[in-house]
Amino acid sequence: MLRLDHVVYAVPDLDEAAVRFREEFGLDSTEGGRHERWGTANRIVPLGDQYLELVAAVDEPVAAETAFGSGVLERAAGGGGWLTIAAVADDLDAVASRLGIEVGSGSRTRPDGQTVRWRMVGLDDPRREPWMPFFLTWDISDELHPGRARAGHGVRATGFAWVEVGGDAERLRTWLGGDELPIRVTDGEPGIHRVAVSTADGELVIE
């Protein structure tokens, strides 16, 4: 089984993005930490069991040498925008076997010194387009999941309603192995177009 875990939004500057998301959408964020391997850092917009991740390159030479960091730099150079989707897999090894991909790992260090770790599949796979999720399994206790972080949202946000992408619906179904995620495939330029957050007052759509 797969579940939507988080959606990544690349930005030129994390502090400026935090102000924008608070003022425009009522979504507060908390400092996440650094991905030393990718030369990036993030802020977390917690949504319970899910989260929106704001990410920026903080070490451009390192970022430029990695696929993920290069993607962040490219999106940030255009002013920022949606970068990728992450789905939690109950059986990550089975997903890796089905796709013929090795399981990798990732981590970041939080401001409080704790290390957040995960195992993942498909992030750097050349077959995956940005509108196709990569897969992960968290190697942490439940309370350390980024979506559980504290934030003072101006709206009562409860999770993602849907993600709208431009892509190929059949290719997405094949990539997901028949599992369903709240991803809407539409015509238009390939990529992530819009993301809707469920709130007590309805859907909050972020482009």
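Visitor: Leaving aside neighbours within four places in sequence, which residues is Asn 42 in contact with?

Guide: This is a predicted model, in which local features need pLDDT of at least 70 and side-chain atom pairs count only at pLDDT 80 or more, while totals for chains, interfaces and linings use all residues. Residues are numbered from 1 along each chain as its sequence is written, and side-chain values use heavy atoms, with hydrogens and water left out. Contact means heavy atoms within 4.5 Å. With those neighbours set aside, Asn 42 is in contact with Leu 14, Glu 31, Gly 32, Gly 33, His 35, Glu 53, Leu 54, Val 55 and Arg 108.

Visitor: Is Asn 42 buried or exposed?

Guide: Asn 42 is found in strand S3 (residues 40-46); helices (H or I, at least four residues) and strands (E, at least two) are DSSP runs, numbered from the N terminus. Buried means under 20% relative accessible area, exposed over 50%, and partly exposed in between (1.4 Å probe, protein chains only). Because its relative accessibility is 2%, Asn 42 counts as buried.

Visitor: Which side chain does a polar contact of 2.9 Å join to that of Asn 42?

Guide: A polar contact is a pair of N or O atoms within 3.5 Å; within protein, one must be able to donate a hydrogen and the other to accept it, and residues adjacent in sequence count only if both atoms are side-chain atoms. At 2.9 Å, the partner of the Asn 42 side chain is that of Glu 53.

Visitor: How far apart are the closest N and O atoms in the salt bridge of Asp 90 and Arg 3?

Guide: A salt bridge is a side-chain nitrogen of Lys or Arg within 4 Å of a carboxyl oxygen of Asp or Glu, and by this rule the count comes to 10. Asp 90 and Arg 3 form one. Asp 90 lies in the loop between strand S5 (81-89) and helix H4 (92-99), and Arg 3 in strand S1 (residues 2-10), 87 residues apart. The closest N and O atoms of this pair are separated by 2.6 Å.

Visitor: In which helix do Arg 173 and Glu 170 both lie?

Guide: Arg 173 forms a salt bridge with Glu 170, with 2.8 Å between the closest N and O atoms. Both are partly exposed, Arg 173 at 45% relative accessibility and Glu 170 with a relative accessible area of 45%. They are three residues apart, about one turn of the helix, and the helix is H5 (residues 169-176).

Visitor: What is the angle between the planes of Trp 38 and Phe 68?

Guide: Rings of Phe, Tyr and Trp (its six-membered ring) pair if their centres lie within 6.5 Å; planes under 30 degrees apart count as stacked, over 60 as edge-to-face and the rest as tilted. By this rule there are eight aromatic pairs. Trp 38 and Phe 68 form a tilted one, 4.9 Å centre to centre, with the planes at 50 degrees.
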